[in-house]
Amino acid sequence: MLLTRKIEIIKTADGIMLPIFKGYEWQDHVARMCYITSMKARARKGPIVHSQRTSIVTCIEGYITLEYIDDDGFMRTIELRDAAGDSYAVMIPPNVPVLYANAASTDALILSLPDIAWHPNSDDSTKYDDWDGYSRAIK
């Protein structure tokens, strides 16, 4: 199951602040890295499975949909940022396959806060071309 939190938009004199990670809301998560991934317009990435790490992700620009398979084997969808401009942070535990989709005509930015830092020699990530490829691999 994925834990989801709506991100509060706090208006300031200079603009806005988006507090994405507050330790008291994500009690046991310790972020070991912070990075941004860009996604081109109408791109799809994944499914991706991380075998060891838990990540908190959100969309900070554009509109991204996260597809995942829940504990009962059903496909679910979460908008990381919706058409109204509301953003959501989602905690993705290890071994949950996720696919990021940008259906918009503009690029998007995804912010990730994993509890294990990415390393080029890591075997934590397995990527598939699509859901059919993932389904074939797990059979």
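Which residue in β10 is the bridge partner of Arg-44? In this predicted model, where local features need pLDDT of at least 70, side-chain atom pairs count only at pLDDT 80 or more and totals for chains, interfaces and linings use all residues, the partner turns out to be Ala-101. Residues are numbered from 1 along each chain as its sequence is written, and side-chain values use heavy atoms, with hydrogens and water left out.

Strands here are DSSP runs (E, at least two residues; helices would be H or I, at least four), numbered from the N terminus, and two of them pair if DSSP finds at least two bridges between them. Strands of a sheet pair through backbone hydrogen bonds, either parallel or antiparallel. Zooming out, β5 and β10 sit in an open sheet of five strands, ordered β8-β7-β10-β5-β12, with antiparallel pairing. β8 (75-79) and β12 (125-127) take the edges with a single partner strand each, so one side of each has no neighbour in the sheet. From one strand to the next, the twist averages 25°; axes are lines fitted to C-alpha atoms (for helices, over the stretch in contact), and angles run from 0 to 180 degrees between N-to-C directions.

Now for the charges. As for burial (buried is under 20% relative accessible area, exposed over 50%, partly exposed in between, with a 1.4 Å probe and protein chains only), Glu-67 is buried at 14%, whereas Arg-44 is exposed at 52%.

Another of these contacts joins Asp-124 and Arg-53, at 3.7 Å, N to O. The two residues are 71 apart and link distant parts of the chain: Asp-124 is in the loop between β11 (108-114) and β12, Arg-53 in the loop between β5 and β6 (55-61). Asp-124 is buried, with 4% relative accessibility, and Arg-53 is buried too, at 5%. Then there is Asp-70 with Arg-76, whose closest N and O atoms are 2.8 Å apart. Asp-70 counts as buried at 13%, while Arg-76 is partly exposed at 39%.

What about the cysteines? A disulfide is taken as a pair of cysteine sulfur atoms within 2.5 Å, and the structure holds zero of them. Cys-34 is in none, its nearest cysteine sulfur being that of Cys-59, 14 Å away. Seen from Cys-59, Cys-34 has the closest cysteine sulfur, and 14 Å is too far for a bond. Cys-34 counts as exposed because its relative accessibility is 52%; Cys-59 is buried, at 1%.

Finally, the surface. Ile-9, Ile-16 and Leu-18 make a nonpolar patch of about 250 Å². Patches are built from residues with over 30% relative accessible area and no salt bridge, joining like charges within 9 Å and nonpolar side chains (Val, Leu, Ile, Met, Phe, Trp, Tyr) within 5 Å. The areas come from the Shrake-Rupley method with a 1.4 Å probe, and for residues only the protein chains shown count as cover. Leu-18 lies in the loop between β3 (16-17) and β4 (35-39), and is partly exposed at 33% relative accessibility.

How values were computed:
A salt bridge is a side-chain nitrogen of Lys or Arg within 4 Å of a carboxyl oxygen of Asp or Glu.
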